[in-house]
Structure formats: structure tokens, C-alpha cells
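These are my notebook entries on one structure.

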Amino acid sequence: MDSRELFAEYKNKKAALYGLGVETKKALERLGTYLDIVGLLDGFREEGLVYGMPVLSFERTVELGVELIVVVARPGSCRAIAKRIGGRCGSLGIRLLDIRGRDLLQAAPVVYNLSGLPGVSRETVREKIREADVISFDLFDTLLMRQTVDVTDIFRHVEQRLREKGIFIRDFCVKRLESEKRLSGDRAPALVEIYRDLLERAEVVRCPGQAYSCGETDCGTPGAAAGRLGHEEDRPADPAAEEGKKTDSPGAHITAEQLACLEWETDVRFLVPRDEVCALFTEAAAGGKPVYIVSDTYYRRAQLEKILPGLGITGYTDLLASCEYGTGKTGELFAVLKKLVPGRRCLHIGDDLLADVEHAGKHGLETVRLYSAMELSEAAGHLGLSGCVDGDSLSVRLRAGMFIAGMFHSPFCPEDGDWRLGPVDAYDIGYLLCAPVICDFVCWLYRQVRRRRIPNVWFCARDGYLIRRLYACLLEGYGQKDRSVYFLTSRKAAVRAGVRDEADIRYVDEMKYSGSPEQNLEERFGICAGDLDPEDVSVRETGLLKYQKAILGQACGLGLNYKKYIDGLPVQEGETAFFDFVAKGTCQMYIQRLAGYPLTGFYFLQLEAGYMKEKGLDIRSFYPGKEDGVDTGAIYENYYILETLLTAPHPSLRQFDGQGRPVYDKETRSLKDIRCFRRAQEGILDYFRTYLGLCPREEWLEIHRDMDDLLLDLIHHIRISDRDFLDLVVEDPFFNRRTKITDII
């Protein structure tokens with residue numbers, strides 16, 4: 001559709017264009033005789049002339065009676081601009097559209113099926129590649145993508161890393177983007193040029209005693225320039241406290257080359273390949289056809305060539321980086337490509353409608369447009385995560401970026417057109433939906449233990465199996481030793497060894513068992529009613545109390561056995577943290593009795609908290625349950641799913657023998673079941689390691705419960721296609737319950 005048709009209802013009405021880049025110049029040429037354009041807007045300038053048009057403040061635009069603002073920018077930048085001025089536009093009745101005609105004030109509805117979105121299948125692209133003589137691929141957002149909401153997040157991470165090194169540049173992110181826009185008006189600058197421009201205008205403050213060191217001697221490879229890992233007290237001083245130490249010669253502190261190197265190595269850490277697109281790239285290269293990479297980038301070709309093999313991109317004929325030629329794809333970069341392959345039928349594959357479709361087409365290339373991950377996320381209404389995508393903290397934006405990169409990894413619509421969204425397998429279920437809330441719990445637990453200076457941490461089996469591994473990852477990141485214990489227990493083992501009197505037996509019996517009293521006796525206490533002497537069975541009692549004598553007689557010996565195990569644990573003087581996932585406190589109550597000293601419970605969620613108050617247990621809960629036991633939140637509704645995935649690969653503990661050695665129940669899960677939940681656990685571990693590797697250290701322990709709830713609740717709305725996951729059964733032998741996971745999702 002012609003650009004003018006998109007804005008037909010505004011013909012001859014007052015309008016302004018937002019943006020000062022070269023595309024604004026072209027938009028002026030196309031729309032200048034159609035709309036009554038009174039000036040230009042920009043986030044960095046409010047005066048002067050650009051392309052013969054005045055640069056205006058927003059207030060001046062309102063005074064001039066503008067009815068329409070057209071944002072001339074890429075989708076990611078459009079979101080930031082809409083966030084900046086959208087509220088004022090809406091209140092004043094000014095329409096805010098992007099250059100593609102999309103209403104930036106209208107939030108996309110949340111959808112879980114993109115079947116109505118015009119897309120292209122993998123096989124269709126493969127066929128077009130077969131028909132072409134030469135293939136060209138865009139790089140960023142096509143072959144590679146960043147695990148960020150927007151590229152400007154990289155600038156914020158660079159600023160954070162500079163602060164860790166004691167270097168403070170006032171308004172760094174604004175000036176970084178301003179310098180790029182200033183230099184990109186009529187050419188394609190390299191990154192070091194952008195930073196030279198920035199340093200000419202920047203105010204730099206340096207904390208004394210902190211030397212800057214680039215993470216690598218060779219900036220062509222990713223480095224470890226992030227500051228050392230540590231605690232809050234390791235943060236550099238506030239720049240305001242160093243006001244008297246600033247200087248007017250910022251170059252003495254850090255050079256443009258060092259800044260460019262730091263941004264490069266920071267950016268590389270966030271890059272991941274879009275595997276399905278890379279597979280087509282590899283097929284084309286292996287088939288003997290010339291395959292080119294054509295990229296608008298401020299990175300040098302030599303830099304890119306060093307990282308591409310590690311991301312699975314090899315075999316290309318040449319790599320055309322815009323900064324090497326001084327022109328981009330909206331300039332003459334495609335003309336450079338055409339000169340390299342004269343007279344040959346060339347296909348270009350990319351994500352940007354303007355650069356990769358319109359301008360490639362103008363230079364005689366056939367084109368295929370693939371959606372970026374962010375565009376697909378926007379089309380789905382961000383699956384309800386718009387507030388997180390537009391969040392301010394780096395940690396929440398990182399989480400949103402990691403989710404988008406994972407959920408919308410593939411740009412291809414299915415061959416049958418049924419484009420329902422969902423994770424591919426159990427690994428993705430763990431990584432995308434379950435990991436955020438579980439990792440937040442681990443961070444909360446670490447904070448609780450550290451604040452109270454607790455020397456002993458016991459992670460109860462089997463729910464503590466993965467939690468302890470995640471906890472160890474966090475400790476390793478902080479450079480601390482893991483002295484925690486994977487504590488062998490189960491409700492069955494704790495009850496068998498811990499009961500002491502009639503009240504205990506009554507308490508256990510009140511936890512309703514789905515079966516007869518005899519089955520209850522055998523499952524929970526391992527005692528067969530048929531083997532008992534009739535004289536040992538009370539005819540005056542009901543339920544488990546009928547077998548009180550046998551239960552208490554057995555408990556004495558099992559308690560001594562359990563005590564041997566506990567006494568063999570490395571326990572330091574001081575408090576002991578007792579982890580349980582979702583529980584009332586039964587295990588803690590009986591283990592505390594066996595240990596002979598108090599335990600402090602730290603639970604993901606405590607059930608029936610009011611009922612357990614009278615037991616005198618000290619329990620802190622990440623998600624405090626309501627005292628009446630009723631809760632309707634996503635966590636309460638979905639904790640069964642989490643419990644199924646958090647379990648250990650070994651069977652449940654039955655009891656301890658006379659030497660204090662564990663005796664396990666017979667394994668009831670199949671090898672297929674165990675492989676399935678272990679794949680989910682791999683996803684959760686990988687998520688946490690990635691998050692800790694990318695998130696600024698000082699934001700590691702930020703908790704985002706609202707986002708956690710939204711992500712976990714998605715399991716009820718998106719398509720789950722992993723058959724092994726859908727075949728899982730939630731087992732609770734203590735209550736004799738078996739629930740198909742399909743019944744709870």
C-alpha cells in the first residue's frame with residue numbers, strides 16, 4: 001500500500017513527523033505534498049532546521065494545532081516513543097501512528113493464535129531459495145536476535161558496567177543514541193565514531209582508585225568486562241558524592257575505542273541464533289549457492305566474523321557491513337551487493353519492511369519478509385506481558401526479552417496454517433513458564449538466609465533437589481561456598497519416625513487418605529493390619545487409632561534410625577533453615593522433634609497457615625497462603641505442576657535403617673517420565689544461569705511476582721505439544737492420589 005493511502009483521512013491536515021533520520025527525509029518527500037507537515041519532533045532536539053523543516057518541541061506542536069504525529073522509526077523505537085508521548089497525545093486527541101499506519105495508542109489484544117497473521121512457512125522460503133541464484137540474509141533480528149526488549153537496553157547494560165568500574169557518564173543512554181542518530185543522517189558510522197562523538201559532548205565522572213580495563217585484549221571476541229561478583233556493599237560510590245572530582249577532559253578517563261569495545265562485548269553476550277533461519281542459511285550455503293550477509297550495523301566485519309561461527313553461521317560468501325561501506329540498506333548497500341553478482345537472480349531475506357523489503361526491491365532483489373521475535377510478540381499482545389515489556393528495571397526487561405526470544409524464536413508459520421503459540425517441549429515449559437517464579441523463590445530464600453545470617457540450610461527431598469542446584473548457582477555467582485545439605489525426608493518417613501502419642505496419630509489421620517483405614521496404615525506406616533495380633537488392635541477406636549500400639553511401637557525404633565542420619569549431618573552452631581516447597585509443616589514439625597532443636601521453615605507456599613500456628617512452628621512463606629486455606633492466585637492453582645517438575649530422579653524415602661542409611665520406596669515413575677521432568681529442569685537451570693550471566697549483579701535479587709504469575713498462568717492458554725509432558729501424572733501416595741497433568745492444565 002502506498003504511504004499516502006495509509007494517511008488518507010488526514011489529507012491536508014496539520015501533521016508532524018517524529019524522527020530526524022534519513023528515512024524522515026524520504027517520508028517528507030512522499031508525504032509532504034499530501035499532509036500539511038508543520039515540523040519535526042525528536043527526543044533529543046527541540047530547535048533548529050533539519051531537511052528544511054523546523055524541529056519543534058511537543059508543546060509547540062500542540063500550539064500549532066497538529067492533529068497527527070507520524071513516527072518514522074523501526075518498531076522497537078516506536079514503542080519507546082509511544083511510551084514517551086503517548087499519554088499526552090491521547091489526552092489531547094492527537095493521533096499517533098507509525099510510518100506503516102499502525103495506531104501506537106492502541107494496545108494489541110492478547111491472542112494465543114497467530115493464524116490470522118500473514119506469514120510464510122519454512123518450506124515456502126526453502127523453495128524460493130532453490131529458485132534464486134544468489135541468497136542474501138539480514139543479520140540482526142533475522143539470523144540473530146538479542147535477548148532484550150530493545151537494542152537500547154544494551155546501552156543501559158553498558159552504562160551499568162561502566163558504573164561497576166567507577167566511570168560515570170551523565171545521561172549516557174540518551175547521548176549514545178543521540179550520537180548515533182546525529183552521525184547516521186547521511187552515512188553509516190562505525191561504533192568507535194559514535195563514541196568519539198559522544199565523548200566530545202559528554203561529562204565524565206571518575207571514582208578514584210578504580211582502573212578501567214577492557215575485558216579482552218582483542219575486542220573482536222566477547223569478554224568478561226563485567227565487574228567482579230559480590231554483594232551490595234561492593235557497589236561503586238554514588239557519582240554525586242564525587243562531584244568535586246570530575247574533569248573537563250573525559251578522554252583522560254576512557255577512550256572511544258574502549259567504549260566501543262565494551263559495548264561490543266556486552267552486546268555479544270545477549271545474542272542468540274534464530275535456529276530455524278540459520279538452518280536455511282546453512283542449507284543454502286551447503287548447496288553451493290553464493291550466500292551473503294547484508295547488515296545495517298556499526299560493527300566491523302572483522303568483529304562479526306569472529307563471533308558468527310560460534311553462533312552456527314558459517315559458509316557465507318561475503319559479509320557486507322554498512323559501516324564498512326559508509327552506506328546502509330536504505331542507501332546504496334544493496335547496490336554494492338548487485339555489483340558483486342551482476343545479472344544474477346538475487347533473493348534477500350530480512351525482517352524490516354522498509355530496509356529489507358522496500359529498498360531491496362528497489363534495487364531489483366526479490367524479497368522474503370520474516371517477522372522479528374518482537375513483531376510476533378506484539379502481534380500476540382505480548383501474551384499479556386505488555387507491562388513487563390514496557391518496564392523500567394533492567395531485570396524485568398531482561399526477563400521479558402528472554403521470554404520473547406524463546407517463545408517467538410521461529411518466524412515461520414506452520415504449513416497447515418494453525419499458528420497456535422506454545423512451547424516446543426518440556427525444556428521450553430521449564431525455561432519459559434516455570435523458571436522465573438522458581439528462580440525468584442531461590443533469590444528470596446538467599447536474601448532471607450543472608451539477612452538472618454543462617455549457617456545451616458537444609459533442602460528437603462525431593463522438592464529440594466533442583467532448588468538446591470539453583471541455590472548453588474547463586475552462591476557461585478557471589479563467590480561463596482555452598483554448605484547447604486540435601487536433606488533426605490518425606491512425609492511418610494517423618495511421620496513414621498516422629499509420632500509420639502495419640503494426638504500425633506489423630507493429626508495424621510485427619511489428613512484424609514483416599515482408601516480404607518487398612519490401606520492408610522500400610523501406606524503411611526508400612527504396617528499390614530492382617531499381620532497384627534488381634535489383641536494389639538483396639539476395637540473401641542476408629543481409623544488409625546485402632547492401630548496405635550503398633551504405630552507407636554514401630555516409631556520408637558525408626559526415630560532412633562532417623563536420628564542417626566541427622567546426627568551425621570554437618571551442622572554449625574546457629575539457626576537451621578528448613579526448605580519445603582508447598583506444605584503445611586508436617587515434615588518440619590516431626591523432623592524438628594527428631595533433631596532436638598528448632599528449625600526455621602522457608603516455604604514456597606504454606607498451606608493452612610492458620611491451622612499450623614498452634615503447632616508452634618516458625619515458617620516464612622514466599623507466597624503467604626491465606627489462613628483459611630483458600631487462595632485463588634495463579635501460584636496456588638498451579639503449584640501441582642511445579643511440584644511435578646521439581647522432583648528428584650530418585651524414589652521417595654520410606655525410612656532409615658539401623659545404620660542411619662536411607663531406604664527408598666519402589667520407583668513408580670517410568671523412565672520416560674523421569675527424562676521428561678529432567679528436561680524441564682535443564683530448562684530451568686539454563687534460564688537461571690543465563691539470567692545471572694546477563695543481569696546486572698545488583699539486580700539479581702529483584703523479585704517480580706506479578707510477572708511470575710502471568711507466565712505460569714500461560715500454561716492454561718497456549719498449546720502444549722510435548723506428549724511426554726502431557727502424559728505425566730501428579731502422584732501423592734501419602735494421600736493415595738494420582739492426577740493426570742492434563743486435568744490441571
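I began with terms: helices (H or I, at least four residues) and strands (E, at least two) are DSSP runs, numbered from the N terminus. Axes are lines fitted to C-alpha atoms, for helices over the stretch in contact, and angles run from 0 to 180 degrees between N-to-C directions. The model is predicted: local features need pLDDT of at least 70, side-chain atom pairs count only at pLDDT 80 or more, and totals for chains, interfaces and linings use all residues. Residues are numbered from 1 along each chain as its sequence is written, and side-chain values use heavy atoms, without hydrogens and water.

Entry on packing. I looked up helix H18 (residues 426–452) and helix H19 (residues 464–477), which pack at an angle of about 65° with their axes 10 Å apart.

Entry on charge pairs. I counted as a salt bridge a side-chain nitrogen of Lys or Arg within 4 Å of a carboxyl oxygen of Asp or Glu. The count by this rule is 55. Arg126 pairs with Glu283, their closest N and O atoms being 2.9 Å apart. Arg126 lies in helix H5 (residues 122–131) and Glu283 in helix H10 (residues 275–286), 157 residues apart.

Entry on burial. Buried means under 20% relative accessible area, exposed over 50%, and partly exposed in between (1.4 Å probe, protein chains only). Arg102 and Asp98 form a salt bridge at 3.5 Å between the closest N and O atoms. I noted that Asp98 is buried at 2%, whereas Arg102 is partly exposed at 35%.
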